[in-house]
Amino acid sequence: MGLPSLWCYEDAYRRSFARSVLRFLGFIFWGTAVVHMYGGVSAILMFKNYRYLFQEAYLSLPGWLALVTALTLLPTGVLAVSISVKSSRNQQGTFMCLLLLLLCLEMSSIALARSYCVRTASQLESAISYLVHQHNWTCSQDPGSSAVDVIQRKLHCCGVHNYTDWLKASSLHHPTCVPESCCKEKHSLCRGDLGHVEQLSEEGCLKKLEDQLCFSMLYIFWSCIVLSILELLAAVSNCILMRRQPFCELCILDSYVFSQHYRY
């Protein structure tokens, strides 16, 4: 009689703890949905703003996966809170399916984000170098000129690695100047004259673009890692609530009713 009762007590404690963990994780899932939505939107907007540098449309896939993950986390959080209040086999089964779906989305996001951070570095360098060498000072409407000027003004950078890249790309008619988009904002009279290098942005655009890209990808990477750990914890808690309790059911063997019922 004592041993089954002890098992029942320990099991009741585990189930109570699992309910508390699920309730807590339900609210955490709602919070991480906002985190993933921010990361996904940031990645999509980054590739959209610099679409002339990234020709492949699939590069924004980690951002879209992050958005799908964020939307899936909302009902997952609702089910986690609901199961913590009143367990239902249908809800528990649906919850496990959503956790499996989320895990697949996150593993895909982790793999893509990690590979894109490495693969796009060489692509960025060649794309920016092309824009710099195609720059036309005499035609402000030139697509290449417009693109490189937008990048340099937005990121406060100059050239691929630094302003000296413009010396290699300059034509014979413009041997001592760089585009005005290289000028620092505080120097309103700057005209790109190489005689006043202190008025120009020191950093190149390649490093700033790489930093922006890798930050966006690593944001998605680590948020997926953390969420995957939380989902495994939620799955374990849900399994504790789903498993049958044979020892507690056998407690009826010690009851007076059982002995009277099976007396004969």
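Analyst: Happy to! Let us begin with His156, which lies in the loop between H4 and H5. Please keep in mind that this is a predicted model. His156 is partly exposed, with a relative accessible area of 39%. The backbone at His156 deserves a look too: its phi is near 55°, a positive value in a residue other than glycine. For background, most residues other than glycine have a negative phi.

Now take one step along the chain. Cys157 lies in this loop, which runs between helix H4 (143-155) and helix H5 (164-169). Cys157 is buried, with a relative accessible area of 0%. Which residue does Cys157 form a disulfide with? The partner is Cys205, and the two sulfur atoms are 2.0 Å apart. As a reminder, a disulfide is a covalent bond between the sulfur atoms of two cysteines. The link of Cys157 and Cys205 is right-handed, with 90° about the S-S bond. Cys205 sits in helix H6 (residues 205-242), so this pair ties together parts that are 48 residues apart in sequence. Is Cys205 buried or exposed? Cys205 counts as buried, because its relative accessibility is 2% and the cut-off for buried is under 20%.

The next residue, Cys158, brings in another link. A disulfide joins Cys158 to Cys182, with 2.2 Å from S to S. The torsion about the S-S bond of Cys158 and Cys182 is about 85°, so this disulfide is right-handed. Where are its two ends? Cys158 lies in the loop between H4 and H5, while Cys182 lies in the loop between H5 and H6, so the pair ties together parts that are 24 residues apart in sequence.

Cys224 counts as buried, at 0% relative accessibility. Cys239, by contrast, counts as partly exposed, at 38% relative accessibility.

Aromatic rings give us another way to trace what H6 meets. The structure holds 4 aromatic pairs. In one of them, the rings of Tyr38 and Tyr219 have their centres 5.6 Å apart and their planes at 70°, so the pair is edge-to-face. Tyr38 lies in helix H1 and Tyr219 in helix H6, so this pair ties together parts that are 181 residues apart in sequence. Tyr219 counts as partly exposed, at 26% relative accessibility. Ring pairs also link Tyr38, Phe215 and Tyr219 into a cluster.

Another ring pair involves Phe221 and Trp222: their ring centres are 5.2 Å apart and their planes are at 90°, so the pair is edge-to-face. How do these two residues compare in accessibility? Phe221 counts as buried, at 15% relative accessibility, whereas Trp222 counts as exposed, at 52%. Phe221 lies in helix H6. Leaving aside residues up to four places away in sequence, Phe221 touches Ile110, Ala113 and Arg114. Take Ile110 from that list: Phe221 and Ile110 are 111 residues apart in sequence, but their C-alpha atoms are 4.9 Å apart in space.

In soluble globular proteins, nonpolar side chains tend to be buried together. Here the largest nonpolar core has 39 residues, and those with the most contacts inside it are Tyr50, Leu53, Ile128, Ile151, Leu209 and Met217. The elements that give two or more residues to this core are helix H1 (2-49), helix H3 (89-133), H4 and H6. Which element gives the most? H3 does, with 9 residues. Leu53 shows some of the contacts at work: leaving aside residues up to four places away in sequence, Leu53 touches Gln123, Leu124, Ala127, Ile128, Leu131, Ile151 and Leu209. There is also a second, separate core of 20 residues, which includes Leu22, Ala80, Ile83 and Phe95.

Methods:
Residues are numbered from 1 along each chain as its sequence is written. This is a predicted model: local features need pLDDT of at least 70, side-chain atom pairs count only at pLDDT 80 or more; totals for chains, interfaces and linings use all residues. Side-chain values use heavy atoms; hydrogens and water are left out. A disulfide is a pair of cysteine sulfur atoms within 2.5 Å. Helices (H or I, at least four residues) and strands (E, at least two) are DSSP runs, numbered from the N terminus. Buried means under 20% relative accessible area, exposed over 50%, partly exposed in between (1.4 Å probe, protein chains only). Contact means heavy atoms within 4.5 Å. A nonpolar core is a set of buried Ala, Val, Leu, Ile, Met, Phe, Trp, Tyr and Cys residues joined through side-chain atoms within 4.5 Å. Rings of Phe, Tyr and Trp (its six-membered ring) pair if their centres lie within 6.5 Å; planes under 30 degrees apart count as stacked, over 60 as edge-to-face and the rest as tilted.
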